[in-house]
Each structure stands twice: as C-alpha cells, then as structure tokens.
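Good morning, colleagues. Please look at the model on the screen while I take you through some side-chain contacts, charged pairs and nonpolar cores.

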Amino acid sequence: MKLNLKFQGFLTVIILSLLSGNLLAKEPPAKTNFYRGNILYEKGKYEEAIQEYEAVLSRGLESGPLYYNLGNAYFKANLLGKALLNYEKALRLMPRDNDLLSNYTYARSLIKFSSGQDQGRGFAGFLKRCLARVSVDELSLILAVIYYAFIILIVLSIYWIISKRTVSSAGSALIVLFFLLLAGLIAKNRQYDNEGLIIAGEAPAYYEPHQEATLHFNLFEGMKVKIIQCKNSWCKIETRDKKSGWISKNDFELF
Amino acid sequence: MKKFYSFLCLFWCGLYLLNVPCFAQEISFAASVNTSKVSLGSVVELNLDFTGASNIAAPKLPEIEGFDSRYLGPASSISIINGKTSSSITHMYHLIPLKTGVFTIPSFSIDYKNKSYSTEPITIEVIKGSVRGSGSGAESSVISSEDLKNSIFLRLEVDKKIVYVNELIPVRLKLYIKDLSVGEVEYPDLNQEGFLVEPFDNYEKYRDVLNGVYYDVVEFPSTAFALRPGELLMGPARLKCNLLLQRGPSRRRSPFDDMDSFFSGFDSIFERYQRYPLEIVSNESAVFVKEPPAAGRPRDFNQSLGRYTFSLQADPKEVTVGDPITLRMIVSGRGNFKTVNPPELEFGDSFKIYAPKAEQTENSKMFEQVIIPKSENISQIPSISFSFFDPEKESYQTITKPPIPITVRKPEGRDKGRIDDYSIIGRPQEPSGQRDIIFIKEKIGDLRKQGAVLYTNPIFIIFQLIPLFVVIALFFYVQKIRRLRTDPRYARRLQAPAKAKKGLEEAYLCLRSNDAKKFFNSVSRTMLRYFSDKLHLPIGSVTSESLNEILAKRGVSEGVLESIAEILAKCDMARFAPLDFSRKDMEYVYKNMREIIDHIERRRI
C-alpha cells in the first residue's frame with residue numbers, strides 16, 4: 001500500500017512535470033515576448049518594451065491588448081504619433097474598451113492644433129458613432145445573424161407557416177438593415193485602407209510632390225489624414241478640413 | 001394727367017442736367033476697317049470713330065495709294081449706362097481697291113478744342129479672286145482655314161512677365177471674333193503645370209480694334225500664381241465653342257464640308273444654321289518666376305505675398321483657467337490670399353492652442369484661433385507678428401501687434417466642461433488635476449493573424465453558404481412534392497422504375513422457385529404496370545398493339561418492340577394455355593424484361 005502511494009506520488013510528479021514541460025514548450029514565443037514587454041514596461045524601460053511588443057507583431061500576429069500596450073509604451077517614450085497609431089489599431093479590435101478609449105482621447109488631446117473628433121451630425125453621424133463602437137468582426141457576426149434570420153424567414157415562407165404580408169415586411173426590414181450594415185462594414189474597411197496618421201513631429205505639406213515645392217501648410221504628429229494618391233516617395237493627402245497637399249511617405253503611417 | 005406729364009418733363013430735364021458734366025468725357029479718335037484682306041472688285045469699309053464728341057465734321061480723306069475713297073455719311077449715338085452718358089460719331093467711307101498689292105492707309109489727324117488727335121496706320125492687302133469678308137460680298141463668299149484663323153482667335157495676356165513665387169498675376173484671355181456667328185462658348189481651360197490658375201467664371205463683351213480691324217471681343221479675366229521659380233511658360237489655353245454657319249443652297253463648299261463625316265451627329269439650332277464645334281488654342285506667354293530674396297527674410301515669414309494690413313482681436317478678455325479665448329487675426333489688402341498662412345503663435349506652454357479656422361473673402365482672410373490659458377498667472381496674450389513679402393516694394397514687411405492684456409481667474413469648484421478635458425467629461429476627474437494614461441493590459445487577449453477578419457475565414461464563409469444550399473434544396477424538394485401531389489402523370493412516371501424494380505425482384509423469386517405460372521403472372525403484371533405508369537395509360541389499355549404504336553412513335557427500335565411483344569405473348573400463353581416452359585425460357589424472358597426496362601429508362605422515353 002505504502003509502495004503504491006509512493007508510486008502514485010512519483011507518477012503524479014512525473015505527469016505534472018511532463019505536463020508543465022509540455023505546456024512551457026507549447027507556449028508560443030509571441031506570448032513570451034508580450035509578457036517580457038510588460039515586465040520591461042513596469043520597470044520603465046519603454047524602448048525595450050516596444051522592441052518586445054514589436055517582436056510579436058513581426059511574427060504576423062496581433063491582438064487588441066498588444067496594440068494597447070504598444071501604444072502605451074510609445075506614449076511613455078514621447079512618441080505621440082506612434083502611440084496614437086497603435087491606439088487606433090487597438091480600437092479596431094476592441095472598440096469599447098474603456099481603458100483604451102480613455103488613453104486614446106487623452107493622447108489625442110495632446111496633438112498640436114487638435115480640434116477634437118467630429119463624426120458628423122444627423123443620421124449619418126449617428127450611424128458613424130454606432131459603427132465606431134463595433135469591430136469589423138462583430139459587424140460581420142451581426143450581418144451573419146441577420147442573414148440567418150432572413151433564411152429562416154424564407155424557410156417559413158416556403159412552408160406557408162407565416163403570412164405573405166409578414167414575410168414581405170419582415171424581409172424588407174431585414175434587407176434594409178443588412179445593406180445598411182454592409183455599407184457600414186465597407187466604409188469601415190475603406191477607412192482603414194486609406195487613412196493614415198502623421199508620425200513625424202511636424203510634416204510639411206507642399207503644393208507639389210518635391211522638396212523644392214511651395215509649402216502649403218504644416219501637419220503635426222498624431223493628426224489623421226486621408227491618402228488620395230501616391231507618387232514615388234510622396235503621397236497626396238487630405239485633411240479633415242478638406243485641405244490637400246503632398247507629404248513625404250516617411251512622415252506618416254497607414255492604419 | 002397733365003400733372004403727370006409735367007412731372008415727367010421735369011424729371012427728364014433734371015436727368016439731362018445732371019448728366020451734362022458727363023459730356024466732358026475723354027475724347028478718342030480711331031480708324032478701323034472691316035477687313036484687312038480684300039479682293040479687287042470689292043470694297044473696304046473705313047470707319048473713323050470719335051468717342052466723347054458728336055459734333056465733329058467729317059474729315060476729308062487724303063489720297064490713299066491703291067484705293068479710291070467715297071464718303072458714305074455719319075452715324076452718331078448717345079448712350080446712358082448706369083447714369084453715365086457717352087456720345088460718339090462715326091464717319092463711314094468706302095475704299096475701292098484699284099490694284100493688287102499691300103497698301104497702307106495713312107494716319108489721319110484732326111484738331112478738336114486745341115488738341116490734336118490722330119489714328120494708327122492700317123495695312124490692307126488687295127488680292128485677285130474672292131475673299132470672305134471683303135466688303136459687301138462677305139455673305140456669299142467662302143471661309144478658308146487662314147480666314148478662320150484671322151476671324152476667330154484666342155489671346156492670352158499676362159500682365160506681369162517677371163513675378164515672385166506665390167505672387168498674384170492677373171491673366172486675361174480674349175476671344176476675338178470677326179464676321180462670324182459663334183455660340184455655346186465654354187469657359188476657357190488653362191490647366192498649367194507650375195502655376196495655379198483660378199478657374200474662369202466671368203466674362204465681359206465689347207468691341208475692340210486690333211491692327212486697325214474691329215473685332216467682337218469676349219474677355220475672360222482671372223488670376224494665377226506661380227508655384228516654383230524658373231522660366232515658365234503659361235498657356236496655351238483652350239476654349240471650346242460652336243461655329244454657326246448658314247445652311248442653304250446658296251452656300252458654297254467650305255473646308256468644313258470635309259469635316260461633315262466627323263460631325264455627322266450635329267444638329268442645327270435653327271433650321272438655317274449648322275453648328276461646327278471648334279477648339280481654339282491661345283498663344284503661350286513666358287513668365288520669369290523668382291523666389292523672394294533670402295536676405296532680410298523674417299523668421300516667421302510663411303509664404304505670404306502681397307500688400308497687407310494685419311489686425312488682431314481677442315475675445316473674451318476675462319476668462320477662467322481652461323476657458324477658450326478666440327483670437328481673430330485678419331489679414332486684408334491686395335495679394336494672394338491662398339498662400340496667406342496664419343501667424344505662428346509662440347506662446348510657450350502657457351496656452352493650449354487649437355488649429356485655426358480660416359475664412360477668406362475677396363480682400364481679406366480671417367483666422368479664428370482658439371487658445372486656452374493653462375494657468376491663472378497669465379496676464380496677457382503675447383505679441384503676434386505677421387510677415388509678408390511686398391512684391392511692389394520688393395521687401396519683407398512685418399506687422400507686430402502688441403500684447404493684449406487679459407484676466408485669467410482660478411477655477412472655482414468647476415471641474416468639467418473644460419475644452420482641454422473634453423475627453424473625460426462624464427468621468428470622475430483626477431484629483432491632482434494632472435492626467436496620465438491608464439496602465440497596460442496583463443493578458444495578451446486573442447492573438448490572431450494580422451489583418452485576418454472574420455468574413456474572410458473559410459469556416460465562416462462555409463457557415464454562410466450552408467443555409468443557402470439548404471434553402472435551395474428545400475425549395476426544389478417542396479416543388480417536387482407539390483408536383484407529385486398535383487401532377488399524376490409526373491408522379492406515375494417517376495414511380496414507374498421503382499415499381500418495376502419490385503416486380504423484377506418478385507419475378508426473380510418465382511424464377512428461383514421454378515414456379516412458371518407465378519413467374520409469368522409477375523412478369524405480365526410488372527410489364528403492364530410499368531408501361532401503364534410510364535406512358536400514363538389505364539392498365540387495361542396496355543396491349544402489345546397499343547405499346548407497339550405508342551413506343552414506335554417515340555423512337556423505340558423495332559427489336560425492342562418485338563421483344564416486348566414476345567414477352568407479353570409468352571406471358572399470355574403461360575397464363576391461358578397449358579404449355580410448359582422450361583427454366584431456360586423463364587431466364588430468357590426475365591433477362592429480356594430487364595433489358596427492355598433498362599433501355600426505356602436509359603433513353604428517357
């Protein structure tokens with residue numbers, strides 16, 4: 001019996017060690033980088049923390065907290081543009097995270113000549129505000145649910161379980177909602193495709209795409225711009241107040 | 001009524017008296033001809049115009065080489081436009097060419113009120129043959145492409161040939177038209193690399209003399225400014241319009257007739273006119289563009305060029321820490337307001353500064369800038385200066401506005417609604433008043449591939465496709481069930497092979513038990529039922545003859561028909577005649593029946 005107990009204990013230790021070893025071996029290095037970055041951040045070594053977080057990104061992986069932490073590290077390293085860029089990326093993945101929203105709005109308030117966010121008025125503004133609170137994946141799921149509801153409606157209509165009138169009114173409502181949200185999804189994707197953020201301290205916008213051109217206006221770190229077209233190492237951008245000019249590709253980064 | 005007339009008389013007298021001083025206007029004297037090229041046998045109209053006076057006698061023309069002259073008479077006019085009165089008199093002459101060659105109509109001089117006025121000399125070419133626009137014969141003559149060039153052309157006039165980068169350049173495009181009807185004139189297009197040209201959006205029409213010839217002129221004014229230094233070419237500008245030419249049998253063949261195939265789609269505005277689209281290209285104009293000098297350039301110079309004044313207002317002047325103050329900086333005067341940028345505010349850390357809002361009018365540009373004092377210790381808005389380059393004086397100018405005293409109060413128990421803290425409205429304020437970011441996340445969350453979105457996930461896509469396929473399948477299934485219920489022909493036809501299969505199984509069992517009677521009964525029943533269902537016939541009407549007739553029409557081969565007849569005959573014999581059939585016979589019948597059914601099914605009869 002004693003031997004049995006001893007043997008059982010030995011077996012437990014072996015299994016546990018094997019399991020823990022197995023777990024450690026299975027833990028992706030990406031996560032290790034992340035936790036190492038957190039430790040470095042806590043120690044105030046922000047540049048090194050940035051390197052660790054960036055190492056995860058260089059593996060082609062991403063997550064909301066990763067971008068959030070990276071944004072925080074950049075913020076602490078006094079790189080406001082990069083911080084905002086990562087907060088924006090984090091917002092794509094966790095748009096309702098209170099910590100993120102707080103840090104993002106605070107960082108935005110530090111932009112030179114910032115005039116706050118304007119998402120428009122009326123129904124379009126309401127829609128934009130609603131869509132800003134939902135991630136692309138969530139929006140895809142909502143669309144899938146509407147699609148399933150529509151399919152169920154069709155099935156019910158095939159068997160004449162519900163009246164034709166109900167089918168047509170509920171079906172129309174679902175179709176309208178579906179296309180409205182689909183338009184939102186497309187707009188959201190397009191926004192990510194052609195919007196960028198100034199990462200240089202000051203980015204001069206010229207009338208023409210070369211260094212000798214006349215200066216039109218200046219952009220500052222953290223400002224959002226819409227990319228219209230690119231030519232060699234220059235891109236034509238448009239600001240929120242519809243001013244456009246050519247800036248160097250090094251001065252901004254795309255979302 | 002009388003009273004009304006007397007009032008009207010008084011009114012017109014008063015108006016006339018009021019306008020009397022206007023008659024003392026500037027006098028001009030000009031000579032013009034209706035064409036610069038004329039054929040022998042035609043005439044040239046020579047007009048001597050006196051503007052500003054109507055009481056000048058016709059001057060006697062001297063002898064003009066190559067021409068005989070004839071005085072036609074005067075034509076005077078008085079016009080009142082916007083209260084301004086102008087008078088003019090035109091003395092008209094006919095010049096009759098006497099020989100071919102190039103001749104010059106000399107300058108004419110007259111003395112009026114102790115002042116001498118003279119005209120410019122005019123050159124006229126006299127040729128043999130007919131020329132469009134030569135005197136009174138113009139209407140019936142043809143247009144040559146050379147004539148078209150002389151009759152309608154576009155001139156680009158740039159007032160300044162040497163300018164600075166960003167300096168405003170007045171630009172005028174003049175469309176000259178002579179002896180032509182032109183319609184649907186579009187605004188000219190002058191897209192120019194190196195220049196930014198304001199779009200043309202207005203025009204003025206008048207008559208003008210160019211090289212002694214009268215033209216109808218449409219002038220399009222605009223402004224431009226150069227974007228880079230160097231010797232730049234402005235132009236050519238392009239203008240589109242329609243040339244209106246009279247139709248009719250009297251019209252002779254013109255060069256445009258060759259272009260008919262190109263413009264086959266045109267239609268006439270009026271029945272008598274035909275439209276020919278024209279694109280007129282102007283001349284080019286060289287402009288030398290230089291940079292404002294580097295010497296003496298103020299540090300805050302921000303590409304503003306012109307002659308400006310600068311004013312500054314601040315409102316309100318008494319605020320609490322965190323409250324906004326609006327600075328209104330107004331730049332007014334003459335110059336290129338497009339490149340006027342707001343003055344740079346060098347306030348250090350004492351104010352939070354927001355992006356300025358610009359509002360531009362024709363002669364001024366106003367920048368509204370919101371600033372927020374960060375501390376109650378601030379007592380003034382520091383001085384603001386605006387620098388620009390004056391191209392007329394060729395020097396930099398700086399206007400500095402002195403500091404504006406303000407009163408900034410300490411906030412009293414107010415901790416929300418401040419613009420700089422708009423982000424945390426509705427959240428509890430940090431007690432220290434100083435903000436920082438919220439700490440990092442401990443967990444990495446759901447790691448996933450960068451850029452991977454749910455809607456591109458294959459599993460997600462499959463899940464979206466499954467219900468679609470289910471619905472489609474369901475739809476066809478329901479349709480089939482409904483058809484089976486409502487269409488007996490379809491139902492019977494569909495069920496025929498299944499029933500035949502059952503009959504074959506039954507016959508096979510009889511074959512194995514070597515029971516000939518039962519076997520032939522089963523075969524007969526199976527065959528008749530199969531063909532009855534397949535051909536939607538009552539079972540009683542299925543006979544060897546009827547099958548032969550129907551199946552032959554549907555293209556069943558003779559051999560198969562014979563086999564069917566043979567099987568049915570054998571069945572009848574077995575059932576009704578006391579004949580013995582061997583197992584071999586039964587196997588033969590069974591095999592044949594199988595083949596027949598297979599054949600019918602395969603051929604979808």
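Which residues does A:Ser248 touch, not counting residues up to four places away in sequence? The model before you is a predicted one. In it, A:Ser248 touches A:Ser233 and A:Trp234. A:Ser248 itself lies in strand β7 of chain A, residues 244-248. Its relative accessible area is 16%, and since buried means under 20%, A:Ser248 is classed as buried.

I turn now to the charged pairs. Side chains of opposite charge can pair when their charged atoms come close. Over all chains, the count of salt bridges is 34.

One of these joins B:Arg228 to A:Glu208, with 3.4 Å from N to O. This pair crosses between chains. B:Arg228 sits in the loop between β16 (213-226) and β17 (230-234) of chain B, while A:Glu208 sits in the loop between β3 (202-206) and β4 (215-220) of chain A. What of their accessibility? B:Arg228 is partly exposed, at 24% relative accessibility, whereas A:Glu208 is buried, at 11%.

Within chain B, B:Arg207 and B:Asp216 form a salt bridge whose closest N and O atoms are 3.2 Å apart. B:Asp216 is partly exposed, with a relative accessibility of 37%.

A further pair is B:Lys591 with B:Glu595, where the closest N and O atoms are 3.9 Å apart. How are these two residues placed in helix α8 of chain B? Helix α8 spans residues 583-602, and because B:Lys591 and B:Glu595 are 4 residues apart in it, about one helical turn separates them. B:Lys591 is exposed, with a relative accessible area of 51%; B:Glu595 is partly exposed, at 41%.

Chain B also holds a network of salt bridges, which links B:Arg155, B:Glu157, B:Asp159, B:Arg172, B:Lys174 and B:Glu219.

Finally, the nonpolar cores. Which members of the largest nonpolar core touch the most other members? The core has 50 residues, and those members are A:Tyr41, A:Tyr53, A:Phe75, A:Tyr87, A:Ile198 and A:Leu219. Let us take A:Tyr53 as an example. Leaving aside neighbours within four places in sequence, A:Tyr53 is in contact with residues including A:Phe34, A:Tyr41, A:Leu66, A:Leu70 and A:Ala73, and also with B:Ile440 of chain B. There is a second, separate core of 35 residues, and among them are B:Ala496, B:Cys571, B:Phe581 and B:Ile597.

Thank you for your attention.

Methods. Residues are numbered from 1 along each chain as its sequence is written. Chains are lettered from A and ligands numbered from 1 in the order in which they are written. This is a predicted model: local features need pLDDT of at least 70, side-chain atom pairs count only at pLDDT 80 or more; totals for chains, interfaces and linings use all residues. Side-chain values use heavy atoms; hydrogens and water are left out. A salt bridge is a side-chain nitrogen of Lys or Arg within 4 Å of a carboxyl oxygen of Asp or Glu. Buried means under 20% relative accessible area, exposed over 50%, partly exposed in between (1.4 Å probe, protein chains only). Contact means heavy atoms within 4.5 Å. A nonpolar core is a set of buried Ala, Val, Leu, Ile, Met, Phe, Trp, Tyr and Cys residues joined through side-chain atoms within 4.5 Å.
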